[in-house]
Each structure stands twice: as C-alpha cells, then as structure tokens.
Amino acid sequence: MKKFLKFLAIGIVLIVVAFYFLGIPYFTGLITDYDRYTFEYVTENPKMVEAYGIADNRTPADYGYANFEEVSYKTIFDGLNLNGWYIPAKKEVDQTLIISHGRTSNRLKTMKYLELVSDYGLDTLYNVFIPDLRNSGKSDEAKTALGYEFAEDIVATMVMLKERNNQRDFVLWGFSMGAMASATAVNRPDLVEYMDLNNVKVNKLILASPLSNIKETAWVGAQEMGLPKFIFNMAWNDFDKQTEGYSDKMKFSYLLSNNKLPALVLYTDTDKQTPAPILEQEVEGLYNVYPILFKNADHVQLYTRPEYKQRYGDKVNEFLRMAF
C-alpha cells in the first residue's frame, strides 16, 4: 500500500508538472493566438461573406462613399503596421466615429454599418474610421490579449486622426473583443495619459455583443473544455502577465463605472460567445449605461436580422444624437 501511495503521489506530481509546462501554455495560447483573417480569406469564402453580411460590397464606395481614403499608420508602443478606411462626413464636423471589429474578424465585417450611418443621416454629424486592428485584415500579424492590445490600436487610431485630420473628439463603437478594447482604451492609465498628452478625448461608447468580463467568459470556455479550476487559475496568472496585471480590471463593472462615459450596450440573450448573464451582472445599476436586449440572435448578428434592423438602427441613431 505504501508503494502504491508513493507511486500515486509521484503520478499526481508528474500530471501537474505536465499541465504546467504543456497545458498552461496551450490554454494561454488559445486566449492570445488566433488566425489572422485577411481580406482574401473572407472574400474568397462564400460562407464567410454571408456571415459578414456584406454581399458583393468590398469597400465604402459600395455604400455610396466614393471619397473614402485608405490609411496606413503604426501602433503607439510596438510599431506594428495598421490599416483602415477614413470616410469624411458630408460636411466639416468635429467628431469621428471609430467602428472596431472583434476577434477573428476584420474591417470588412464592420463596413456594413456604413449603411446605418447613411440611412440615418449620421454622415452629416460624424466622420467615420474603420480600422483593421492588429492580427486582422491588412494590419500586421500579432498576438492579442482579449482586447488589451486592441485598446492600444484604438488609441493609436485616434492620435493618428488628430495629427492627420485635426480630429480631437471621438465615439468608440466596438463589437465583441473590439467592445472590450474600446472600454479598456478609455481606462488603462498609460493609454489615458497618452490621450491626454495628445489632446484627444472620447465622448461616448457603443458596445455591441460585447465581451464584458474577460476572466468570467474565459472560465466558461474552460469549463466547456473540462479544464480543472486550479489549472485555469494557473493559466490565467500566466495570461495576466501579458496584460501587466490589468486583466482583473477588464470587466464592465469596473471599466464603465470608473470612466462614467455614456455607453449604449446592445446584446442578445442567446449569445454563446459573450454570455448574457455575465454581461447583465456586469452592467446592473451602472450610471449612464443603457443596455438594450434583443431576443434569440447570434453573436454580432443583430443588425443583419431583418426583424431587428430598424430597432437596432433607431437605438444607435438616438444615442449618437443624444446630448449628455
């Protein structure tokens, strides 16, 4: 019996060691690494085109914006190459709407919201910029951390537009991980300081199908994989180093209450990627936060549902025109 217990203890130690050196990097990689979705990958795959809801449209010109510009620029800290579309308003205005995609996506997916901008006459109130954030579209391949680095790219976009187009006031409209990045951008101390130094500010947030608490959402995914909690905690500690200890603050209950910017939150009760119960708990009772629930729709698929298109557009239009 003593020999058996000894071998059992050794076996347990070996399993834990194997998890530490193999399982933890693997799980961390699932969080930080994913395929870069290029334009060609999307446009050459009919199923992807359908999922993106863009039909035969490939540039803003296909939505009536012939005067759009393609802009190349760099991230602020690590010098990665970013790329995006700048669509000037129909008249000279002071505000720019930045529409940011999520994970495993690119600007082609968010391009369709130009139709909403046009239909509601918002192109007389806002310039629009649609970026490829890192590891997406025409921008450089790179690791991400559930919106932590995307936030740097969004701030780089604002500073570039201030230097290039004299734009200082912004509304951030983000989807999924792009929504978490938008909320993080206006809270991370180093990014807030950089924005202040460059005299740019954000006035409102639109957070669509948002990742609302990165740790809780990741734990849901880990449970589906059958990962033990102690292994998840070790993996999360490893991941936290990549966010310089900021990951515990990447949740709306902190981000939206800390900054207190007006925030429109658009979500669905059947979203498996950004679960509604987590989001509802995160935003409950927050000042200046306006959650709008849609029933029985998939992740980032609200505007493409015919029965929801007008309600979605009405809510965004009303929020963007509202004075706070």
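The structure is a predicted model, in which local features need pLDDT of at least 70 and side-chain atom pairs count only at pLDDT 80 or more, while totals for chains, interfaces and linings use all residues. Residues are numbered from 1 along each chain as its sequence is written, and side-chain values use heavy atoms, with hydrogens and water left out.

Eight strands form an open sheet of mixed pairing, in the order β1-β2-β4-β3-β5-β6-β7-β8. Strands (E, at least two residues) and helices (H or I, at least four) are DSSP runs numbered from the N terminus, and two strands pair if DSSP finds at least two bridges between them. The edges are β1 (69-74) and β8 (289-294), each of which pairs on one side only. With direction ignored, neighbouring strands are turned by 20° against each other on average. Helix α13 (residues 306-321) packs on this sheet and touches β3 (95-100), β4, β5 (169-175), β6 (201-208), β7 (263-268) and β8; contact means heavy atoms within 4.5 Å. The direction of α13 makes about 165° with that of β6, where axes are lines fitted to C-alpha atoms, for helices over the stretch in contact, and angles run from 0 to 180 degrees between N-to-C directions.

Strands β1 and β2 pair in the antiparallel sense over six bridges, and E69 has Y86 of β2 as its bridge partner. The hairpin of these strands has six residues between them, and G79 there takes a positive phi near 70°. Strand β2 (residues 81-87) also pairs with β4 (residues 126-132), in the antiparallel sense over five bridges; here W85 is partnered by I130 of β4.

The axes of helices α6 (residues 148-165) and α8 (residues 189-197) come within 10 Å and cross at roughly 0°. The two helices are therefore roughly parallel, a term for angles under 35 degrees. Residues A151, E152, V155, M158 and V159 of α6 meet L191, Y194 and M195 of α8. This contact has seven nonpolar, no polar and one charged residues (Ala, Val, Leu, Ile, Met, Phe, Trp, Tyr, Cys and Pro count as nonpolar, Asp, Glu, Lys and Arg as charged, and the others, Gly among them, as polar).

The largest pocket holds about 910 Å³ of space. On a 1 Å grid over the protein atoms alone, a pocket is an open set of points where a 1.4 Å probe fits, with protein on both sides within 12 Å along at least five of seven lines, and lining residues have an atom within 4 Å of a point. Grid points are joined across faces, edges and corners, and the volume is the space filled by probe spheres set on the points. The lining comprises 32 residues, with R103, L146, S176, T217 and Q273 nearest the centre. Helix α9 gives the largest share, seven residues. By class, the lining divides into 17 nonpolar, 11 polar and four charged residues.

Terms used:
Angles under 35 degrees count as roughly parallel, over 145 as roughly antiparallel, 65 to 115 as roughly perpendicular and the rest as oblique.
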